[in-house]
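These are my notebook entries on a set of look-ups in the structure shown below.

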Amino acid sequence: MKNQNVIWALIALVLLLALNAAFTPGFFHLEMRDGHLYGSLVDILDRAAPVTLMALGMTLVIATGGIDLSVGSLMAISGATAALALSMGYSGPVALLLALLSGLVAGLINGSLVAFLGIQPIVATLILMVSGRGVAQLITNGQPLTFNNKFIDVFGNGFFLTLPFSVTVVMIALIIIAALTRRTALGLYLESVGNGPLASRLSGLPVPGVLLFAYATSGVCAALAGVVAAADIKAADSNTAGLYAELDAILAVVIGGTALTGGRFTLIGSVIGALLMQAMTTTILARGIQMQWTQVVKASVILIVCILQSPAVREKILAPMTRRRRRAQQ
Amino acid sequence: MNFGLTASSIPRFATVLVCLALYLAAALHFENFATLQVFVNFLADNAVLGIVSVGMTFVILSGGIDLSVGSVVALVSVSMAVLIEHKGWHPLPAGLAVLAAGTLFGTLTGLIIHVFNLPPFLVTLAGLFMGRGLALVISLESIQMTHPWYTSLLTTNINLNAETTMGLVPVIYVIIVILAILVARYTAFGRNIYALGGNEDAAVLMGIPVGKTRVGVYAVSGFCSALAGIVYTMYSFSGNASTGVAMELDAIAAVVIGGTLLTGGIGGIFGTFIGVLIFGIIQTSMAFQGTLNSWWTKIGIAGLLLLFIIMQRLIEGRRNR
């Protein structure tokens, strides 16, 4: 049951790649240059990195039945923090740590509003979403802040094992989060809170702690995405960094099969969802279709996937199918 | 029962107080702030946001949310400009056509939400991308409005007194607010919205047409967004596909600051009107100050938002006890 929705996203991704294999010349062409791989497929992995990172954190938040609207603004704050730290003469690793810290603090603020004040997640994170971009503007004093630092630059333009370094960042984040949630009871706690906060509290789960963990992870993931995005252009632009990224991240999670109602989650699904969305964008670019169509196509795909996943459709179309299968087995 | 009514009116009361306090503070601090012209300008400068917020109030009262409003404003403004400037339509049929299109957009959104039982958040998010994408597909560049009848209409000003002039935009805004208040208070549709947002199960049991009401709410929001898009072309003399970015958030903030509970069922249009005025006062104060950066507006709004949400939370907590 849990994997049923992941399959829709996977089918869509495979279909899209198959269409490209048939109709877009050179889409699967990979080229080795100076020990680095280049090609549309590598491009998809590289460009999907920020959204994938945010989607990973977002998955945990959505698993608890919440949502984090602030991740796009947190990207801007984190990029601005890193750029400011570098311009003040701090070293690359310190700048990275400070940027991640900004995400952690913001995530804890979101988490506290939800866990302790019991504010609806949409509203609680809306506050940082609205003000976050303003805060980022204040940090950079309203101007895009450029920087040149070898350590930070690696996150945007480096390579590791022939692939862009951003892919490694995503893999590390995925492994850490998967280990934390699937190798410990934390994942069950998250799902339990998503299924019923009251029941979880009554059965002795530290509900506020679980919520804090989810929102803090989302904040740190968004901060990491902010560093990757800023390193990519070697500048912190508070106006455009992560604009609408929260929506992309939420869509990646939902397309990946984690329901917005919470209660269960799939990290791999979210990664596939993010890849699917980037594959769509890259396809549109590779086929020479005007960039503006990206959003129209994206909206159509979201609607189709959501309608396919909706309870109404599942009952009317999918339930008879499974019933038939069950009858055949008998 | 009496207690419930007072508890639900506290946020609106607080909103009016905050608005008055801000206005007085600004009036004492800045010369020429407390003039009728500045007040009329509040209405004109915030008419687009204000009209969008009226539609958003209906949606939020019903317990939903509409993220597509900013994109619809952009789509409508650019469609209006293309119809008039490139296709040679008269502004009147063009306006009616885009109003109908906006209402249809909202109706479709509502139908998808209701029929497939999907979260409004997701469906209107798709609407956001769809609207913005279509607007950019229609025209990447801003289109100037040069139609003689339209520009002469827009430059017509009424003299309220010796120093104060008022254009068409604030008039449209005020009329919409009054109409919306009447619809919310005195029609079956309005009462059904409150019932639906207050408790959906109870609304179903009472025999309220939940489906019609829910679809209707999104249709109203689509209509308001379309009207706001037309007003945008009147206010800025252009249609622009990149206008209204993040306007959905400003609208939600204005509605919440206006004392409407995000869980639905409690609140009203008048509060939203005051919420939008608070927006205007903060923005105009920033402009009067001159030295303060405009992004302080966002931070100020977020601070107010936080305050009101915590207050709402405390009131709700008391109600549930």
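Helices (H or I, at least four residues) and strands (E, at least two) are DSSP runs, numbered from the N terminus. The model is predicted, and local features need pLDDT of at least 70, side-chain atom pairs count only at pLDDT 80 or more, while totals for chains, interfaces and linings use all residues. Residues are numbered from 1 along each chain as its sequence is written, and chains are lettered from A and ligands numbered from 1 in the order in which they are written.

**Entry 1. Helix H2 of chain B**

In H2(B), residues 36–45, I found Phe42(B), Leu43(B) and Ala44(B) buried.

I then took the pair H2(B) and H8(B). Axes are lines fitted to C-alpha atoms, for helices over the stretch in contact, and angles run from 0 to 180 degrees between N-to-C directions. The axes of H2(B) and H8(B) are 8 Å apart, and the packing angle is about 75 degrees. H2(B) is therefore roughly perpendicular to H8(B). For this and later pairs, angles under 35 degrees count as roughly parallel, over 145 as roughly antiparallel, 65 to 115 as roughly perpendicular and the rest as oblique. Val40(B), Leu43(B) and Ala44(B) of H2(B) make the contact with Val169(B), Pro170(B), Tyr173(B) and Val174(B) of H8(B). Ala, Val, Leu, Ile, Met, Phe, Trp, Tyr, Cys and Pro count as nonpolar, Asp, Glu, Lys and Arg as charged, and the others, Gly among them, as polar.

**Entry 2. Helix pairs in chain A**

For H3(A) (residues 71–87) and H4(A) (residues 92–115), I read axes that come within 8 Å and cross at roughly 150 degrees. H3(A) is therefore roughly antiparallel to H4(A). Their crossing is right-handed; a crossing is left-handed if the near helix is turned anticlockwise from the far one by less than a right angle, and right-handed if clockwise. Residues of H3(A) in the contact include Leu74(A), Ile77(A) and Leu86(A), which face a set in H4(A) that includes Val94(A), Leu98(A) and Ala106(A). The contact of H3(A) with H4(A) has 11 nonpolar, four polar and no charged residues.

For H2(A) (residues 40–63) and H12(A) (residues 267–286), the axes come within 8 Å and cross at roughly 140 degrees. H2(A) and H12(A) are therefore oblique to each other, and their crossing is right-handed. I counted 12 nonpolar, seven polar and two charged residues in the contact of H2(A) with H12(A).

**Entry 3. Val170(A)**

Is Val170(A) buried or exposed? Val170(A) counts as buried because 27 C-beta neighbours lie inside 10 Å. Val170(A) is found in H7(A), residues 165–182. Leaving aside neighbours within four places in sequence, Val170(A) is in contact with Ala49(A), Thr52(A) and Leu53(A). The C-alpha atoms of Val170(A) and Ala48(A) are separated by 9.5 Å, although these residues are 122 residues apart along the chain.

**Entry 4. Contact between the chains, and the core**

The contact takes 34 residues from chain A and 32 residues from chain B. On the side of chain A that touches chain B, H5(A) gives the largest share, 11 residues. That side divides into 22 nonpolar, 10 polar and two charged residues.

I define a nonpolar core as a set of buried Ala, Val, Leu, Ile, Met, Phe, Trp, Tyr and Cys residues joined through C-beta atoms within 7 Å. The largest such core has 203 residues, and Val231(B) and Leu305(B) have the most contacts inside it.

**Entry 5. Positive phi**

Which phi does Lys234(A) have? Lys234(A) has a positive phi of about 55 degrees although it is not a glycine. Lys234(A) lies in the loop between H10 and strand E6 (235–236) of chain A. Lys234(A) is partly exposed, with 15 other C-beta atoms within 10 Å.

Asn117(B), not a glycine, also has a positive phi of about 55 degrees. Its loop lies between H5 (91–116) and H6 (120–138) of chain B. Asn117(B) is exposed, with 12 other C-beta atoms within 10 Å.

Methods:
Contact = placed C-beta atoms within 7 Å. Buried ≥ 20, exposed ≤ 12 C-beta atoms within 10 Å, placed from the backbone.
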